[in-house]
Amino acid sequence: MTKAEENGFLLSSLKPSDTLDRVEQALWVTASKVAEEWIRYQQTRSPFTHYYLYFKRSGPGLPGDVKIFDENKEANTMAKMSSIGTTYTDGQGQEYHAVQLTWSQVHAILGRDHDGSAEDDRRLIEALREIGAPEWIEDAEGWTDEHTWGLIGPQVAYYVELAPHSYHYCEYDDTDSWGSSGYTYIRKPDPTDRTVYADMPVTHIEMRPDVEVLYNGADGASVTWDPDKPCPFVRLDDVR
């Protein structure tokens, strides 16, 4: 069979008298053409979609496998997300995780301009999730301007490092209707000390909007925070 004959030899061209080899060949060629059409359709739905068709014959002139895969999927996803990931800063200067698309990217995904509907927002969110966008985008607050369409996520966490060998005991915290306050202290390792302590090692202060650092030095730290929020002293690594 010539190359031209093979490319045009589909299931629709089979006859009852054809051999098994010709039937298998027609199945293989038809599958590859259907897969190619499917890939073209997927790429019209989202510019982030990059599929590749893989052919593998079991031998010269014999049928084989037709597979669809996303080459270097993990690396591609990281690159795509890095191009749309950003942060959003509100009027109080607080920074939040965010994703954004240019209006040209929105047009490429939808196949037209955004009509302002929730359905168009849903289609954009689905496209973003397909390339690895975080789950929070599904319930995120949105924003638009003349250049972009975006979604605002959780607040970016900032941490201030504490002195080495810092410890905190929650029972020492003071709490009233005005706020909570607490402190850390230093306890260096002592191989002869057999005391079982109730406090916990901590490494950082979580710098939320409600947190105010009164002091942070080599001998400990003192912090106040909202009484309805958790203690901001945290441990970010396994061993201090």
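**The aromatic tour**

Start by selecting Tyr169, Tyr172, Tyr183 and Tyr185: ring pairs link them into a cluster. Before you zoom in, note that this is a predicted model, where local features need pLDDT of at least 70, side-chain atom pairs count only at pLDDT 80 or more, and totals for chains, interfaces and linings use all residues. Residues are numbered from 1 along each chain as its sequence is written, and side-chain values use heavy atoms, with hydrogens and water left out.

A search of the whole structure turns up 5 aromatic pairs. Rings of Phe, Tyr and Trp (its six-membered ring) pair if their centres lie within 6.5 Å; planes under 30 degrees apart are stacked, over 60 edge-to-face, and the rest tilted.

(Buried means under 20% relative accessible area, exposed over 50%, partly exposed in between, with a 1.4 Å probe and protein chains only.)

Next, jump to Trp225 and Phe233, an edge-to-face pair with 6.4 Å centre to centre and 80° between the planes. Trp225 is buried at 6%, and Phe233 is buried at 7%.

Last stop: Arg187. Which rings does Arg187 lie over? Show Tyr167, where Arg187 is over the face at 3.9 Å from the ring centre, then Tyr197, where that distance is 3.7 Å. A charge sits over a ring if NZ of Lys or CZ of Arg is within 6 Å of the ring centre and within 35 degrees of the ring normal.
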